Amino acid sequence: MRHPSDDQAAQPLDLDAIREKLESKGGDYWRGLAQLSDSPEYSKWLEDEFPDRASLKDVDRRTFLKLAGASAVLAGLAGCRNLPTEKLVPYVKAPEDRLPGASQYFATVMPFGGFGFGVLARSVEGRPIKLEGNPDHPDSLGSSDAFVQAEMLNLYDPDRLAVVTKDGQVSTLDEMLVALRAALATQGANRGAGVRILTETTSSPTMARMVGAVQKQFPAAQWVRFDSVSRDQADEGTRLAFGEPLNVSYDLSKADVILSLDADLFGGGPLSVRMTRDFTGRRTVKGTKVDLNRLYAIEGTPTLTGAVADHRLAVKPSEVDALTRALATRLGVPGVSSNLPASVPAKWLDALVRDLRRAGNRAVVIPGTHQIPSVHALAHAINLALGSVGTTVSFRKPALTPANGAASLSALAKDLEAGRVDVLLVLGGNPVYGAPADVKLADLLPKAKFSLKLGMFDDETNRLCRWSVPETHFLEAWGDLRATDGTVSIAQPLILPLYSGARSAIEMLSVVAGAEAEGMALVQATWMAHVGGQKGWDSALNKGVVPNTRSAAVPVTLNLQVPAPMSPVSGMEVVFLPDPTIWDGRYSNNGWMQELPKPLTKLTWDNAVHLSPRTAEKLGVNDEEQVEVRTTVGAVTAPVFVMPGHPDDVATLHLGYGRTACGKVGVGPGFNFGALRSAGAMSISAAELRKMPGKYPLASAQLHHSMEGRDILREGTVAAYREDPKLRPKGLHEIEHASLYNQTEEWAKSGLPQWGMTIDLDKCVGCNACVAACQSENNIPSVGKLEVQRGREMHWIRIDRYYRVTDAGKSRDVTQDRYHADDLGDKRGADLLDPSKVTSHFQPVPCMHCETAPCEPVCPVAATVHSHEGLNQMVYNRCVGTRYCSNNCPYKVRRFNFFNYQHGGKNLDRPYGNQNYVGEKDVPLLRLINNPDVTVRSRGVMEKCTYCVQRINTVRIHAKKEGRDIEDGEIVPACAQACPGQAITFGNLADKNSRVSQLKAEPRNYGLLAELNTVPRTTYLGRLRNPNPELVEA
Amino acid sequence: MAQIFKPSANSAAKASLLALGLAPWVLFYAGSTITRSSSNTKVDVPLNQPVPFSHKHHVEELGIDCRYCHTAVEKTRSAGIPATETCMSCHSQIWTNSPILEPVRKSYESGLPITWVNGDVGWNQVNKAPEFVYFDHSIHIDRGVSCNTCHGPVQQMHITWKGKYFSMAWCLECHREPEKFLYEDAEKPQEPRQKVFDLYRKVQNGDKLTPRERAVVNDEAYKPSAEELEEGKKLVEAYQVKKQQLTDCWTCHR
């Protein structure tokens, strides 16, 4: 089949041309290198919102008239039909407290990275449909993130395992139990020396108790814990610093100066939610009151943290160690010596040191999880030296002593090879896929005499185990998990397992321990005494946290044993990171996550080799051209994605792709870079890259929905804010719109609330939580890679990522001048090649709900009209799909259903990715996920952000029945509810005291493309940067 | 050559010209009549059910409140269909051997939904708003809209039928001019919600009804007088019904 990108001949990466362009343009914001070079690729996306659509130009006039006539007649006939009588099936016994059509919320806990993230699950008529953060849970405080949202789709995934199988043949749970007991019976004599339980890291007290029970039966049995993306290095780091592994938590709400040493504070999934919230909570700008923290990011790969940072330094990941040592020496950590890498400006480091010193115990240094142990150990030593342990940093004893995953997996592999493993129980996880390449688990696993995999999907591990048992989703099972601070939450099921054979890990362990029990009994046995009976149990379930379970911070004394400095990698190096949307592969089969544009690259449905422009030029490759990456253990050929701001001579590789088994969605996209990891180098490794022939099409949305405007993003330094609090670009002739219409008076007369929204760019970290929450709330389909390449992704809110060449250290940047760059004699083009000077900026763009909406007058059937409350309404049942509205929308926020994405794939060539994902038989299960308050749109219908009108209506009806006005903050759209940065505020503009009105009164408030006089109801608050004055040149 | 057409053909030709001119109108009229006829709309057509439940018997003769069975009507968007358990709360005591209640008893014993004699599951849905309409029972009750206003004379139905054709034009009659439909018992001012159910109590007690109440209960056309319209306008104000909101698309479609 013809591919959209076939039209363009491969264009070599011409950095000189781009440089020239950039210099003549000055420091404008740009979407990607294609925009800078004014490539045909970019103009295609600028000129036409939906390029690559089938054209009507081949149809002659007669045929067109024939078709038009026939359609008109058929459309008329389609109205003539007898609607079938539908059936209603009432309950036999109605469940108490469950009202038809009403939502119920239950607190439960989601596992991620071994910890538990507290959620509130919304259930409608017994069917969980949406997850929100639990305000009472310490890691959430009510916010959530994209991974939490995506769990809904995992629950209803049609590819989930449904039956027990033996050697791929359908079997039963009873047969499995007989076989398992028989296998265990042989183990009594040797005290279970042949028993291995392989799980992921967990903090579940009941799980630990159950493993303990198993080990009581079989004292020689071993519990192996392995994670593809682990905290092994962090644990090793605390061991180096304090002699024992400890959990570290950072309280950013108390931190004035934050230094990230290759740490991604905001991109770590649910574990980042609290960090983000605390961080943005310290970015207060109210009129003249400016209270901002300062974030320095030293990073070996572009991350959200670097994008948000006030100062960013791009270095090679292997240089971070030397840099940390240099920092430690300067901050008075004894026993460390170092040479500063040449790439780091000494002046920069000295200013940073002084800033950290000044902040003292209100400073914090945070090492990256994937960095080597010495970086962790030294960071802890620095924090101790600064005195910040106790304020911004606290250490806690882990509930379970962590094991080094890669090492214990290697030991397991040796045992398998030696035939010492008789019974291997793999409870969750996917170790065969996640294992380092030099641990040949795939070859060795069949050597276990009895092997069993408990899992949700038919993945790589499942294929190699004799027995396969379907695992329950966390919304179907009882369990318990600890938050990062030790607080326990109890997981309660919201729905019976969709497949009756499904079991949870603790239930399987109870079988092994010889006392089979149900999940609830097991969890109650752990907690009933602690909570003090049924009443306490009920209240713990209701609140979502068990009282008095938070572990106390322990005092630490430094016992630093730093190994010799890492020898620097001279050539190319690669860094392996969890993918920003599918993580280590656990969301591979999740269409929402596959299609969620990765925050910095906007790439969907694939991973790639991320390189800096200079490295790409050196290798002679451009986007989509292939390179071979070779490490000591393997080689993978994959396409390149050039990333401005990426450090040179480093390739960032995301894990989780290139699956060979997992389901219809996950098999196909991307490349398995995990095959390049060895047990000793799980995150950073030396590598060789060479150009390979051929191209691999990637689907990046970074140029999609490009807006042509002069004043899209507003940002500036604190100094610039003091000079012009509106942060207007210099040279901008702001148009004041005068009107005879007295809006305030009209609003007051109508007595209706006037809805509006603000998005604070200073609090947005680009994490994608809003996009995923909107998808879950509003029944938004995934469309598949090919459709994304055609620009047909359906997200109602998108996050635009802009690049800009800036140097926060230059005073001329203080008031950004975008129109008179020539006067400055600027050399921004040259700076493009300095990765530290390329900054990334995020801007979430939903429908603006313009008061003079350009989409409305062009609709021939009045399917989009204005409400009296200021909403730009889209009426699906009126829409005939002319797409005029979308053509006329300057913000490009309208989405069109080119196909019946939600009703099976008959008319789609490659729906949902590579294979026929939404087959007709999958539709009934996928329907369960839909929000009953939102219409499921059909083919040929336009749609867009509604400000979550279903939530507005629900609250309005509720308030009316109580005979009161809607309170401020009572209506929270899905995006605002999920946002960990609390960047989105929604409310009534007619009420001058509402939070949104107050934010709109801020000088930083500006409307996107306001010069078009669209009078958008959604406005933005400009972003402020708080650079260190010492680093600002005069 | 003989004349092909007789002189009368002139008249026939004229008549056919006229017929041709009238044909579109006739066709249009016929079409719209058929569309509006109860064979298409199913209005006033009683639907068979697995158990021949009589609203007339339970509501008018026995005086059971609507909310005894339709429990959620004041609370959520859906009024709710009673569970088997609800039927059995009385029918475990009375009519315990009635053959027409056999499916109910069977359902209660087996824990499975009520079935037809042939084993089919489910009751025929009588009233259904289109799926792109998000109707909410609770707010309508709360603003004093009686059940019969939309569902017809339920208390007269031995076998339930659809009382009204839920067309958008019909909804808009009230959403555009709520003052025509809102009223209050002048002798007994009360909360609009209470008024709704008080009306049925009056019907059950055989109390004297005002002409307006009679029209509501019996589903008859009623043209409010000028004073009543004035009173309606006051009620619109008092109930905080925002007329502009009522005709915003997203009030019902989203």
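Guide: The model is predicted.

Visitor: Which cut-off makes a residue buried?

Guide: Buried means under 20% relative accessible area.

Visitor: Which residues is Ser700(A) in contact with, leaving aside neighbours within four places in sequence?

Guide: They are Thr601(A), Lys602(A), Leu603(A) and Phe641(A).

Visitor: Where do the polar atoms of the Ser700(A) side chain find backbone atoms?

Guide: One such pair involves the backbone oxygen of Thr601(A), 3.1 Å from a polar atom of the Ser700(A) side chain. Another involves the backbone nitrogen of Gln702(A), at 3.2 Å from a polar atom of that side chain.

Visitor: Now the helices. At what angle do H8(A) and H13(A) pack?

Guide: Helix H8 (residues 232–242) and helix H13 (residues 373–386), both of chain A, pack at about 50°, and their axes are 7 Å apart.

Visitor: Which residues make the contact?

Guide: From H8(A), Gln233(A), Ala234(A), Glu236(A), Gly237(A), Thr238(A), Leu240(A), Ala241(A) and Phe242(A) take part. H13(A) contributes Pro373(A), Ser374(A), His376(A), Ala377(A), His380(A) and Leu384(A). Sorted by class, the contact holds 7 nonpolar, 6 polar and 1 charged residues.

Visitor: How many residues of H8(A) are buried?

Guide: The count is 9 of 11, so the helix is mostly covered. Among the buried residues are Asp232(A), Asp235(A) and Phe242(A). The buried residues of H8(A) pack against H13, strand S9 (247–250), strand S16 (393–396) and helix H14 (405–417) of chain A.

Visitor: What does the backbone do just after H8(A)?

Guide: Gly243(A) takes a positive phi there, about 85°.

Visitor: Is Val941(A), for its part, buried or exposed?

Guide: Its relative accessibility is 8%, so Val941(A) counts as buried. The residue sits in a loop of chain A, between helix H29 (923–927) and strand S38 (942–943).

Visitor: What does Val941(A) touch, not counting residues up to four places away in sequence?

Guide: Val941(A) touches Tyr876(A), Cys879(A), Arg895(A), Phe896(A) and Asn897(A). As for Gly114(A), 827 residues apart from Val941(A) along the chain, the separation of the two C-alpha atoms is 43 Å.

Terms used. Residues numbered from 1 in each chain as written. Chains lettered and ligands numbered in written order. Predicted model: local features only at pLDDT ≥ 70, side-chain atom pairs only at ≥ 80, totals over all residues. Heavy atoms only, no water. Polar contact = N/O pair within 3.5 Å; in protein donor to acceptor, adjacent residues only side chain to side chain. Contact = heavy atoms within 4.5 Å. Axes fitted to C-alpha atoms, helices over the stretch in contact; angles between N-to-C directions. Helix = DSSP H or I, 4+ residues; strand = E, 2+ residues; numbered from the N terminus. Nonpolar A, V, L, I, M, F, W, Y, C, P; charged D, E, K, R; others polar. Buried < 20%, exposed > 50% of the residue type's maximum accessible area, 1.4 Å probe, protein only.
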